[in-house]
Amino acid sequence: MTIDSAGLDAGPFGDTDSGGGRGVAGGGDSARGIAPLREGDSAREDPQGTRGSSGRRGAVDPVKALMHRHRELCERAVDPLEIAAGLEAHGVTDRTAARLRHRDVFSLAEEMYARAARDGEATPRTEPSGHPGPRAYWAALALVPGVLGAAVVVGLRLTGGQTRPAVAAFGALAVASGLYLAFRRGPLSTPHRTTGAARVGTCWLIAYALAGDGLLSAARDGGPHGSWPLAAAPALALLLACAPAAWCAHLFAARARRRLSASRGLEEFATSVRPLLLGAFGLFTVALYGLLALCGTALDEPPAYAGAGALGALILLARLLTARGFTRVPGRALAGAAAVEATALAMVFAARLPGCSFLAAPVDSLVEAAGAGAVPALACGAGALVLLVQATRTLTRASAHALPREGP
């Protein structure tokens, strides 16, 4: 039997957003040494790299040739599902599997896994825990930003004068440290380096949620004259929402891996996981709006449902994608939303220059129609919509749910 090169044609690496092909465990293909299938490869290539003395190439088992190309994947896989996810990440589809006389990629992966174990090519396999670190540990860390945020709000309410700025500065540093710890472990953690645009954009968006609406309103009135009011309620609600965000992400990941075990095809898996993604996203949204209402009532402030709700959705979706190696689109969405907010402020201030009053017209019209919160709602809502579409396209792939390997 010879290999038809069209039959082994593979598409591009799993996702180009992360700056290269991503491996099964999210660590990058180059690190795993997995060679992709390339169109135009010889149909008569010897998978073992050996030839007879006469130089004649012998017949090749197509599954064996595929195993040779993905030798590292077969050696390191802990179960057939990991092989199926890796094949999908390299563009191997059910149609390709059918050309190799298998009904789908899952069936092909089962044969590759069985043959690797039988031939003694695989290294000793140990089952991973299936959880991103001890659950009690990351669940407790997810509560830290909210606890610190509540402590800062109470401290600011109880202090005044020269002590207040010191409390605010210390509180900002403590909250930033809490966010760092919360995102270092658990289902929202990632071994992938986030882009500079994503980090800067996230910091700006959080700062704007705290002070942006007040500054915009003061600027439209000719100010600010001294300090302007801060929106503590939406900022505190967003910090408290770190806990439900982590739990919703964990729920989605755990249920998706169960569906991966039960699915018999890539399309079947994608169809079954899409409602899970939308359900987890909806559950977080409900929790966030509940926290906004609670904080608004407790602090007697407007809860800023539109702006803070859109920002929470944007950050959750960006983190879900980043945690699975899709970093480019989330970074651009966060940076784009931050740029829209910064541009709105800049246009209001620039309108004070002689002959430039027209620059503030779009912002004035938007604010007069829907309030100052319409600016972050529009900016973050558009970014969240883009990321939701991206998530339904990428997080429904089997390769996005392969279990990560335990670090040292």
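D300 is exposed, with a relative accessible area of 71%, where exposed stands for over 50%, buried for under 20% and partly exposed for what lies in between (1.4 Å probe, protein chains only). The model is a predicted one, in which local features need pLDDT of at least 70 and side-chain atom pairs count only at pLDDT 80 or more, while totals for chains, interfaces and linings use all residues. Residues are numbered from 1 along each chain as its sequence is written, and side-chain values use heavy atoms, with hydrogens and water left out.

The protein has 16 helices and zero strands; helices (H or I, at least four residues) and strands (E, at least two) are DSSP runs, numbered from the N terminus. Of its 408 residues, 49% are buried.

Most residues other than glycine have a negative phi, and most peptide bonds are trans. Against that background, two residues in the loop between α12 (266-299) and α13 (305-323), D300 and A304, can be set side by side.

| Residue | Phi | Relative accessible area |
|---|---|---|
| D300 | near 55 degrees | 71%, exposed |
| A304 | near 55 degrees | 30%, partly exposed |

Elsewhere, the peptide bond from G223 to P224 is cis, with omega near 5 degrees, and P224 belongs to the loop between α9 (196-220) and α10 (232-240).

Among contacts (heavy atoms within 4.5 Å) with a separation of 6 or more, 77% join residues 24 or more positions apart.
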